[in-house]
Amino acid sequence: MFLLLGSFRGTTAFAPLQLAADQVSSLNNERHVSDIRYVEWTGSKGMLPLQSYTNVMELSKYEGWMRKPIDNHALEVGALDASDGDIHISNSNRRNNKATTENKVILPLDPRIHLQPLYIDSHIVVVNKESGALSVPGPNRKPSVGGLVHEYFGNEEDDVDRMIVHRLDMDTSGVICYARSKLVLSILHDAFRSKSGIGSGDETVFKKYEALVCDHVGIYEGEIDLPLIRDRNHPPFMKVGIDPDRGSLGIDISLPKYKGYVKMMSKAPKESLTLFRVLAWEILNGIPVTRLELVPITGRTHQLRVHCAAIGHPIIGDSIYGYKGNGSPHGGMSIEAISQFPNAASESIQKDLFDLVEQRRVHHEDGEYNGNLCLHAKQLTCLHPITKAPMSFEKDAPF
């Protein structure tokens, strides 16, 4: 079975660490045991208390780190203030099946809105990214949060590409980390790419997401264990990797056969595992939705989006894997397979939510604004690359 559902309480091994009394006293003789916040995962070996950062810094707190001030008279125009709490979701190219980043409207970013540092030091910059903003500039050097971080804080090599530790989808909001030196980038790359198993004691990176999905999920918690593969019928998107008749690549002959493209499309399915837990069953404009906590154990492209669609509860505002999306319906799963999952969202509920977010789309003169997918990278916990102190960065979801 590819889909493992049901209770997994107690199997994640994220129990709080217990420090010996002499270890606690050695940290700070004036600090009581009750003041220590223990890490929720086992990567730190229990030697240091958790440093937690949950608020966007005020300008006065980080302007000393800036290599140039924000010029209020020379700001790029066209940015959107997404702090009003509405669900601003768009899929401007849905009907022509080209809802890729290349075809989306990429607006200039306003540093007063899109530069939201949670933490800064000589080694890393951690920020909150708005939905609709690119996390990296990409080969076409489009406006991005990474570009803002480089422009205002810089790095050792003065090269934004040498700051990229990990990525978030354009329409995914949340916490993202950037490196400020070659050494730190290498250390963090190794940490983020670690293949250590959960509960092995070697984890150094822990991610937690929050999502709003269609309808009420019928299981309180569980795990989704479904391999993912590139979707040859809807490139470059992903789908569940149950494809017994794959055979040859089956790539559309009208597409350019770049070596990297062919290699990408020819890769075998990769194991993908997501843990989920219901945070709340909610009603949105009279329509049932569920607020989920999602923990990606693996880090595949669009993993959370495909996995939610594959169990019959697509993420609200997903223009690729949701209702009328550009990818394979249900993440490539058959209707029969999805029907095995309790209370999978009906087509009518998905349509009602689709219509709701369509009504709330934000328009600009240059096109439609692309955000907000209701998927948020809420928490990133890791060891500091230099001090090895356990650190947690967290920002509440905007929806």
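Modeller: A nonpolar core is a set of buried Ala, Val, Leu, Ile, Met, Phe, Trp, Tyr and Cys residues joined through side-chain atoms within 4.5 Å. The model is a predicted one. Its largest nonpolar core has 65 residues, and V149, F153, L294, I316 and L353 touch the most other members. Apart from this core lies another, of 16 residues, including V126, C177, A179 and V184.

Colleague: Which residues is V149 in contact with, leaving aside its neighbours within four places in sequence?

Modeller: They are L115, V125, V127, G154, M163 and Y178.

Colleague: Why is D231 called buried?

Modeller: Its relative accessibility is 0%, and buried means under 20%, so D231 counts as buried. D231 is in the loop between strand 7 and strand 8. Its C-alpha atom is separated by 7.6 Å from that of S328, 97 residues apart along the chain.

Colleague: What makes F237 and Y321 an edge-to-face aromatic pair?

Modeller: The centres are 6.4 Å apart, and the limit for a pair is within 6.5 Å. The planes are at 75°, and over 60 degrees counts as edge-to-face. F237 lies in the loop between strand 7 and strand 8, and Y321 in the loop between helix 7 and helix 8, 84 residues apart. Both F237 and Y321 are buried.

Colleague: How do you know that the charged end of K68 sits by the ring of Y152?

Modeller: The charged end of K68 is 5.2 Å from the centre of that ring and sits over it; the distance has to be within 6 Å.

Technical notes
Residues numbered from 1 in each chain as written. Predicted model: local features only at pLDDT ≥ 70, side-chain atom pairs only at ≥ 80, totals over all residues. Heavy atoms only, no water. Phe/Tyr/Trp six-rings, centres within 6.5 Å; stacked < 30°, edge-to-face > 60°. Helix = DSSP H or I, 4+ residues; strand = E, 2+ residues; numbered from the N terminus. Buried < 20%, exposed > 50% of the residue type's maximum accessible area, 1.4 Å probe, protein only. Lys NZ or Arg CZ within 6 Å of the ring centre and 35° of its normal. Contact = heavy atoms within 4.5 Å.
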